[in-house]
Each structure stands twice: as structure tokens, then as C-alpha cells.
Amino acid sequence: MEKKNKQSLFAAPNGKSYLVPFILITSLFLLWGFAHGLLDVLNKHFQGAFTMTKAESGLVQFSTYIAYFLMALPAGMFMKRYGYKKGIILGLLLFAAGAFAFIPAAFLHSATPFLVALFIIACGLCILETAANPYSTILGPTESGAQRLNLSQSFNGLGWILGPLVGGALIFGGAQDDPFTLTKPYILVGGIVLLVAILFFFTRLPEIKVEEQEENRLDTKLPATSMWRHGQFVRAVIAQFCYCAAQTGIFSFFVTELDPQMTNIEASRILAFGGMALFMIGRLSGSFTMKWMAPGKLLTWFALADAICMALVIVSAGTISLYALYISFFFMSIMFPTIFALGLEGMGAYTKKASSYIVMGVAGGAFSPMLMGYIGENNMAIGFFVPLIAFLYILYFAIRCKK
């Protein structure tokens, strides 16, 4: 029986299996998870290397996540014209170019060139996410799309663990004021990304015509109206913005909330093995839980739990607040892929375009670290009002999806 479930999860309409393409696509989730995991190490390093305030160090996230807002629609148009495979290769090449741009940036001894390099990386990541997220949902039966995407995103969680772990060892292992220490992890990841791009170039992937498949699956009662008439899709765009604002803010200032006597390397390890490990466990368990619980219902409980966790962080209850911050990683785990999959339900011929707008919601991560840093400059716990409000909206979105 278990074997049958595994086969049905990746079953193609013609009876063949999409398992191999799914594995290749899932490798991309690991890569961009690693890239995002590095950001949380950079945020702390920039405060010391370039004498930045907490709000100013939020420019690390801003330069990354604003790229999602600017590139999501062009990425979607590129994908519509040239297909998923060429979009993935373009995204990987931009990813590698931005990573290697850290080398000349180190010679300029300024934060700006590094921020430009991060922007280039993020342009590549945006294209990859615009392609890989919907591609993962359609590599099998429609009803298991959310489950499949959560499974892929589990490896994204592994990347989030490796990012601060490797980044913390390479960056904090060097001199605090030496910009050249920033190049080490990016040279490593740039080389790996180039190899993956070559692998995709020589690998044959099925180009699935989403428009043709989904038009046949559309409910005939749905009118042929604008995509913005689909309420669940519109709410998903807002919910994704809120989720990315909450996630990025929590990840960015997690180290700040730990014991001030703890070294940066120790803090980055706790972030990797503590918070990010719970994040990955949450995605893995969430993917399997969706076999018997509807995605909207699971998202409702997780959003409620995270809202409670943020309230406990804000009241500064010592160890209780710290544990609440840890636990919030687990409940955040399923939110991005679940919101994404729910937002694409019933979009039919609009699927690729709709996925671009939902990816644009990642821009929420561009603003929350600066806002949280500004609000919490003297008391960081107060800054966690931002993710609290975000989780309350996600709770509203999830309840509407259940109905």
C-alpha cells in the first residue's frame, strides 16, 4: 500500500513516473535554502564589519528580497515563452554570477558592492523559485500538489540548516572587520551552482504545458474572468507577503535574541541545529500530515501557534520567550509552500502568471528586518509585533481556505 502511494504521488497522466524530474527540481530548493540561510549570518557580520545599526543591517535582506518584487513578473514571462528548463538554467547562471561577484566586492571595502552582488543572486533565486514551485506542484496528480511541494521544500529547510552552519564557520572564523571573509562561502556555492546548471543543461526534463492541462480541469461553472477575481489567489499574494515578512524578520534577529555572551559562531550553530532543524522537521512532518489533514486546516493550526509564540516573545518572559522563538520555526515551516499551493488552486491557464505574483509576495522580506530593527533598536522584543500581525493575517487566510 505504501508503495502505491509513493507511485501515485509522482504519477504522470500517461502512467510514467515524474520521480527523476522531481529529484532534480528538489535539488534547487536545497541551493536557494542555503543562499537564504547565509543571509542571517551576513546580517550580524555587517553590523560589525561596516558599523551598521540593526535597522541599517536590514539592507542585507532588503537588497535580496526587493529583487523578488522586481523580477517575479519578468521571470514568469520568460518561463511562459521559453519554458521551465531554460528558466531554471538562467536562474542558476545569475545565482553563480552574483556569488562570484563577492570577489571583486571584497576589494572595495564597502557594503554597497556586496549588496549589489546579493541583488544579482536574488534575481537568479527569484527565477528559480518562479519555476520550481509550480513545477513541483504539477509533477503528479493535482490533489497531491501541496504535499509534493512541502516535500520539496523540506530540502529547502536542509539548505537553511547548512547556510548558517557553513557560513558561520567560514565568515565568523575570520577577522570580524575583514570583508574578504565574506567571499569564502560564496565561492563555494558559486562553483556548486555552476555544476548544477551544467547538469540541467544536459538533462532532458518534461516540459509540461500547464495551460493545456489546467484548462481541461477547470470547473465549468467558473466564469472566464480576470485572475484577480479569484479571491483565494488574491489573499494568497497578501498572505505570502506577510509570511515572508515574518520569516525574514525572525530569522534575521534570532541571533540577537540569544545570550549576548555567546560568540557569533556558537549562535550560528544554534540557529542551524536548533531553529533551522525544527524548520526542516516541520516541513517533513507537515508533508506527511497532509495525507490525512487538509492543507488549509493544518495551516490554520500552525498560524495560530505562531501567533501565540510571537506574543510570548514580545512579553519578554525569559526562557519561555526563547523557547517560543525556537518553536516558531517549526510552525513556520509549511507556510510558504502551503500558501503557494492553495493560491494556485483553480487558476487553470493563469497558473504560471499567478505563481509569479505569489513569488512577488517574497518582497515582504525586504521591509520587515529594517522595520523590526527600527522598532526594536533599544528592545528587540518589541520589534516582534511585526511578525505577530503577519501571522494573524495568515490565520485569516487559512480559515477562509477551510471554508
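Me: Among contacts between residues at least 6 apart in sequence, what percentage join residues at least 24 apart?
Reply: The model is a predicted one. A contact here requires heavy atoms within 4.5 Å. Among such contacts between residues at least 6 apart in sequence, the share that joins residues at least 24 apart is 84%.

Me: How many helices and how many strands does the protein have?
Reply: Helices and strands are taken as DSSP runs. The secondary structure comes to 18 helices and 0 strands.

Me: Are helix 13 and helix 14 roughly parallel or roughly antiparallel?
Reply: Helix 13 covers residues 295–314 and helix 14 covers residues 319–332. Their axes come within 8 Å and cross at roughly 155 degrees. Angles over 145 degrees count as roughly antiparallel. The two helices are therefore roughly antiparallel.

Me: By class, which residues make up the contact of helix 13 with helix 14?
Reply: Helix 13 contributes residues including Phe302, Asp306 and Met310, and helix 14 contributes residues including Ile320, Ser321 and Phe331. Asp counts as charged, and Phe, Met and Ile count as nonpolar. By class, the contact has 13 nonpolar, 2 polar and 1 charged residues.

Note on methods. Residues are numbered from 1 along each chain as its sequence is written. This is a predicted model: local features need pLDDT of at least 70, side-chain atom pairs count only at pLDDT 80 or more; totals for chains, interfaces and linings use all residues. Side-chain values use heavy atoms; hydrogens and water are left out. Axes are lines fitted to C-alpha atoms, for helices over the stretch in contact, and angles run from 0 to 180 degrees between N-to-C directions. Helices (H or I, at least four residues) and strands (E, at least two) are DSSP runs, numbered from the N terminus. Angles under 35 degrees count as roughly parallel, over 145 as roughly antiparallel, 65 to 115 as roughly perpendicular and the rest as oblique.
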